[in-house]
Amino acid sequence: MSLLDRYLNAVAAQLPRETRDDIIAELRDELETTLEAKAAEKGAPLTDTEVEAVLRDMGHPLAVAARFGAGPNVVVGPELYPWWMFGVRAALTVMVFITAIGALVRVLVGDVEVGQAIGQGFHSLFTSGIAIVGLATIAAFIIERQATKPEFLTKWRVKDLSVFEWTAFGADGWAERLKATASGTGTVAGGVSKPRRKAPPTVRAAASAFGWTVVLLWWTGVLGGQIAPAAIGAEYVENGFDWGVAVARTVDLAYWPVVGFIACRIVFDALRVLTGSPVRLTALGDIGFAAATAWGVWWVWMWSPISGAIRVESIDQLVDRVQAVAQTGGWSLAFVLMLCATFAFIAEVFRIIRALAELTTGQAWSRD
């Protein structure tokens with residue numbers, strides 16, 4: 001078998017069956033013409049070394065076959081790469097906050113020493129960073145190979161671009177934006193002030209889907225076992241109540257319901273992005289998810305394994321407990337969690353009321 005045949009066979013092995021014969025015939029004609037011209041110029045048959053040099057000039061069989069492929073030849077193309085980088089940077093920023101909060105809680109409850117918490121935090125950030133980059137790359141790989149590009153690449157609107165003003169992750173950029181937020185203004189190029197505007201509904205829906213995805217990875221331990229929910233509060237006893245055991249049992253009982261809730265939330269937010277986030281669709285989702293969250297908070301408060309430390313049977317008991325703490329100043333983890341559960345339940349009730357009004361009127365209430 002000649003060197004040319006071996007080369008063409010290697011190329012053919014990488015090509016789709018339906019187009020293979022035509023492509024190989026075209027390549028054979030081109031290469032034979034080139035080899036004949038080289039031989040005529042030399043005035044003698046080419047040696048194997050000279051033939052191989054011609055084939056190398058054509059390119060490696062993998063690279064040549066890729067030129068005739070139906071899909072893109074990159075994992076993340078130049079048009080999608082800025083979006084990929086934006087998502088990765090934002091996700092890593094969120095993970096820094098989650099890891100820092102988790103490490104702080106573990107130090108405060110005496111689960112780990114400060115040095116150990118810092119070391120485990122860096123380890124968790126490294127493993128979670130790999131997971132985030134990998135998932136973002138998989139998503140970009142799939143998007144690149146769609147016949148129709150997503151609308152966020154082709155039908156973006158100038159009025160939706162304010163969200164990207166928050167993507168300067170340097171200290172100066174964040175300082176300027178935090179200052180502008182505090183003063184109620186935004187900044188544009190050149191430092192010109194403008195009124196601060198909230199992100200459009202589709203951008204908020206995309207951000208929500210992204211945020212809930214990070215939460216799902218955290219809850220399932222993909223982002224590192226040291227910052228997973230079950231690792232927080234281990235071996236912490238307060239007033240005879242073993243928080244480590246209670247938290248572990250609560251996480252075990254709630255694990256799959258929470259996974260299902262977050263998965264539904266991500267799918268719903270993706271639907272909002274695809275449909276332009278209409279007011280009534282958003283309101284329906286808000287009602288359902290707020291009701292589910294309120295029920296979950298109520299379960300944690302009244303029936304979960306940690307309810308033994310935070311449960312109150314009536315409003316009078318709640319008021320009495322608050323007054324007792326106000327008089328003695330004896331703040332405890334149980335009291336803080338009781339207050340959090342109270343305000344969380346009230347917030348979800350108001351969210352349901354607001355969503356019902358939006359569903360009825362078709363007009364969105366301000367979420368600023």
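In which helix is Arg351 found? Arg351 is found in helix α14, where helices (H or I, at least four residues) and strands (E, at least two) are DSSP runs numbered from the N terminus. The model is predicted, so local features need pLDDT of at least 70 and side-chain atom pairs count only at pLDDT 80 or more, whereas totals for chains, interfaces and linings use all residues. Residues are numbered from 1 along each chain as its sequence is written, and side-chain values use heavy atoms, with hydrogens and water left out.

The protein has 14 helices and four strands. Of its 368 residues, 33% count as buried; buried means under 20% relative accessible area, exposed over 50%, and partly exposed in between, for a 1.4 Å probe and protein chains only. Among contacts (heavy atoms within 4.5 Å) with a separation of 6 or more, 65% come from residues 24 or more positions apart.

Helix α11 spans residues 279-302, and its 24 residues reach 34 Å from the first C-alpha to the last, close to the 34 Å expected at 1.5 Å a residue; the expected span is 1.5 Å times one less than the number of residues. Its buried residues include Thr282, Gly285, Asp286, Phe289, Ala290 and Trp299. The cover over the buried residues of α11 includes α10 (243-275), α12 (307-310) and α14 (333-361).

Now to the pairing of α10 with α11. These helices pack at an angle of about 170 degrees, with their axes 11 Å apart. That makes α10 roughly antiparallel to α11. The contact involves, among others, Thr250, Phe261, Cys264, Arg265 and Arg272 of α10, and Leu281, Asp286, Phe289 and Trp299 of α11. Axes here are lines fitted to C-alpha atoms, for helices over the stretch in contact, and angles run from 0 to 180 degrees between N-to-C directions. Angles under 35 degrees count as roughly parallel, over 145 as roughly antiparallel, 65 to 115 as roughly perpendicular and the rest as oblique.

A polar atom of the Thr250 side chain lies 2.8 Å from the backbone oxygen of Ala246. Leaving aside neighbours within four places in sequence, Thr250 is in contact with Trp299, Ser304, Pro305 and Ile306. Cys264 also lies in α10, and its 46% relative accessibility makes it partly exposed. Cys264 and Phe289 are 25 residues apart in sequence and 9.0 Å apart in space, C-alpha to C-alpha. Another cysteine, Cys340, counts as partly exposed at 45% relative accessibility. The structure holds zero disulfides, a disulfide being a pair of cysteine sulfur atoms within 2.5 Å.

Helix α9 (residues 201-219) contains Ala205, which is buried at a relative accessible area of 0%. Apart from neighbours within four places in sequence, Ala205 is in contact with Asp269, Arg272 and Val273.

How values were computed:
Polar contact = N/O pair within 3.5 Å; in protein donor to acceptor, adjacent residues only side chain to side chain.
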